[in-house]
Amino acid sequence: MRNYFWEIIRYGFGAGAWRYRLEKWAWYVHDHIAPRVRMKKERGHRIHPTASLRCGHNISLGVNAHINQYCCIWASQRARIVLGDNLLMGPGVKIFASNHGTGREKVMTAQPWREKDVVIGNDVWLGANAVVTSGVTIGDGAVIAAGAVVTKDIPPYTICGGIPAKVLRERT
């Protein structure tokens, strides 16, 4: 028991522990607080505290839009993400406005970025763990099934699913 006490004192309050806490706090501010402050938000929106956001100055959030827990909304320096009114986003949804290239001439970490806007219309439901890639537009009233990977534009008022996502039927 005595060893545990000194271990707590030694490692819990040492310089390494304080550095770790500071790094965690800096990450939280970078990932959660700063982007929210810089986002363009309309009234009635909800953003879960676990949502991860990047480049908040390039994210627009519509009236009554909802970003659920564990969602990643990552705009980029040169590409926006526009989220429409009355958007319903399930847990774990990921939306990316940029992506790495895949050419053989450079290692993956040195690949050029592909940055394109993502636009999601009004009255859209993105099911849990859906992924929306850069350059995609999802029309008003669309429903994206859980786990779908959206790589191409989705027409308004359609229900889509799959990897890659395709239109399954019209919304009635």
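**View 1. Helix α1 and the nonpolar patch.** Helix α1 (residues 2-12) is the largest contributor to the nonpolar patch, giving 4 residues. Helices are DSSP runs of H or I, at least four residues, numbered from the N terminus. The model is predicted, so local features need pLDDT of at least 70 and side-chain atom pairs pLDDT 80 or more, while totals for chains, interfaces and linings use all residues. Residues are numbered from 1 along each chain, and side-chain values use heavy atoms, without hydrogens and water. Ile-9 lies in helix α1 and is partly exposed, at 35% relative accessible area (buried is under 20%, exposed over 50%, partly exposed in between; 1.4 Å probe, protein chains only).

**View 2. The Trp-25 and Tyr-28 pair.** Trp-25 and Tyr-28 are stacked, 6.1 Å centre to centre, with 25° between the planes (rings pair if their centres lie within 6.5 Å; planes under 30 degrees apart count as stacked, over 60 as edge-to-face, the rest as tilted). Both belong to helix α2 (residues 15-38), 3 residues apart, about one helical turn. Trp-25 is exposed, at 53%. Tyr-28 is partly exposed, at 32%. Together with Trp-27, they form one aromatic cluster.

**View 3. Charges over rings.** The charged end of Arg-21 sits over the ring of Trp-18, 4.6 Å from its centre. Lys-24 lies over the face of Trp-27, 5.9 Å from the ring centre. The criterion is NZ of Lys or CZ of Arg within 6 Å of the ring centre and within 35 degrees of the ring normal.

Terms used. Phe/Tyr/Trp six-rings, centres within 6.5 Å; stacked < 30°, edge-to-face > 60°. Helix = DSSP H or I, 4+ residues; strand = E, 2+ residues; numbered from the N terminus.
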